[in-house]
Amino acid sequence: MSKIWTLCLCGAIALLVGCASEGKKVSRIDANSVTDLSGSWNDTDSRMVADEMINDCLGRPWYDNMIQDKGGKIPTVVIGKIRNKSHEHISVETFIKDMEKALINSGRVDFVANATERAELREELASQQGNATEETAKEAHQEIGADLMLTGTLNSIVDQEGGDQVVFYQIDLELTDIQSHRKVWIGDKKIKKFISKNGVKL
């Protein structure tokens, strides 16, 4: 009798698992497609904001002025802290990578590693001094100093009534001269999303 109950129990578990699996469907979509299921900050927002703000930044008068001051050499930029002050858990690292890509692909600035990455690179450089061959070991004190630092914040405001919700995002970025601490560019990007029971409307 116990064997019969065991078989019945196993069958019931298998049936439940099978039913649960049938309710899920997974399909692959283009990584660059615009998708907005929840209305929260997503990869599309990150990519769009990074591209638009970097293009605006590099198209302003400070750029030509600095090129002239540097005798035709393009400026070197490093990304500092980007703070998430919104109500959501936003992957700031993804946003920073999108900005790094936009800066590098522009071809209009040199770009250097941030403080965290530099610490790791210096550790590797120190390791090479005692372990790598003389011909391949890289020399210390050869880093390129950045001219400018890009910093910023992500903020949000939520307005909700019943089942409807409006989420407002504001992204503020600043580009600062490291030598003089003079701010050469300030930009912002605003995104507003209306989230209803029927879906998300930007």
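This is a predicted model: local features need pLDDT of at least 70, side-chain atom pairs count only at pLDDT 80 or more; totals for chains, interfaces and linings use all residues.
Biologist: What makes α2 oblique to α4?

Modeller: Helix α2, residues 43–58, and α4 pack at an angle of about 40 degrees, with their axes 9 Å apart. Angles under 35 degrees count as roughly parallel and those from 65 to 115 as roughly perpendicular, with oblique for the rest, and therefore α2 is oblique to α4.

Biologist: Which hand does the crossing of α2 and α4 have?

Modeller: The crossing in which α2 passes α4 is right-handed.

Biologist: Why is the space lined by Ile54 and Trp62, among others, called a cavity?

Modeller: A cavity is a set of points where a 1.4 Å probe fits but cannot get out, whereas a pocket is an open set. The structure holds one cavity of 30 Å³ or more, and about 30 Å³ of space lies in the largest cavity. Its lining consists of Ile54, Cys57, Leu58, Trp62, Val77, Leu103, Val109, Leu150 and Leu175, and α2 gives the most to that lining, with three residues.

Biologist: What lines the largest pocket, and which residues lie nearest its centre?

Modeller: The largest pocket, with about 390 Å³ of space, is lined by 17 residues, of which Arg118, Leu121, Gln142, Glu143 and Ile144 lie nearest the centre. Helix α5, residues 115–131, supplies the largest share of this lining, five residues, and the lining as a whole divides into eight nonpolar, three polar and six charged residues.

Biologist: How much space lies in the second largest pocket, and which residues are closest to its centre?

Modeller: About 260 Å³ of space lies in the second largest pocket, and of the 13 residues that line it, the closest to its centre are Ile79, Gly80, Ile96, Asn114 and Thr116. The elements giving two or more residues to this lining are β1 (76–84), α4 (92–106) and α5, while the lining divides into four nonpolar, three polar and six charged residues.

Conventions. Residues are numbered from 1 along each chain as its sequence is written. Side-chain values use heavy atoms; hydrogens and water are left out. On a 1 Å grid over the protein atoms alone, a cavity is a set of points where a 1.4 Å probe fits but cannot get out, and a pocket is an open set with protein on both sides within 12 Å along at least five of seven lines; lining residues have an atom within 4 Å of a point. Grid points are joined across faces, edges and corners, and a volume is the space filled by probe spheres set on the points. Helices (H or I, at least four residues) and strands (E, at least two) are DSSP runs, numbered from the N terminus. Ala, Val, Leu, Ile, Met, Phe, Trp, Tyr, Cys and Pro count as nonpolar, Asp, Glu, Lys and Arg as charged, and the others, Gly among them, as polar. Axes are lines fitted to C-alpha atoms, for helices over the stretch in contact, and angles run from 0 to 180 degrees between N-to-C directions. Angles under 35 degrees count as roughly parallel, over 145 as roughly antiparallel, 65 to 115 as roughly perpendicular and the rest as oblique. A crossing is left-handed if the near helix is turned anticlockwise from the far one by less than a right angle, and right-handed if clockwise.
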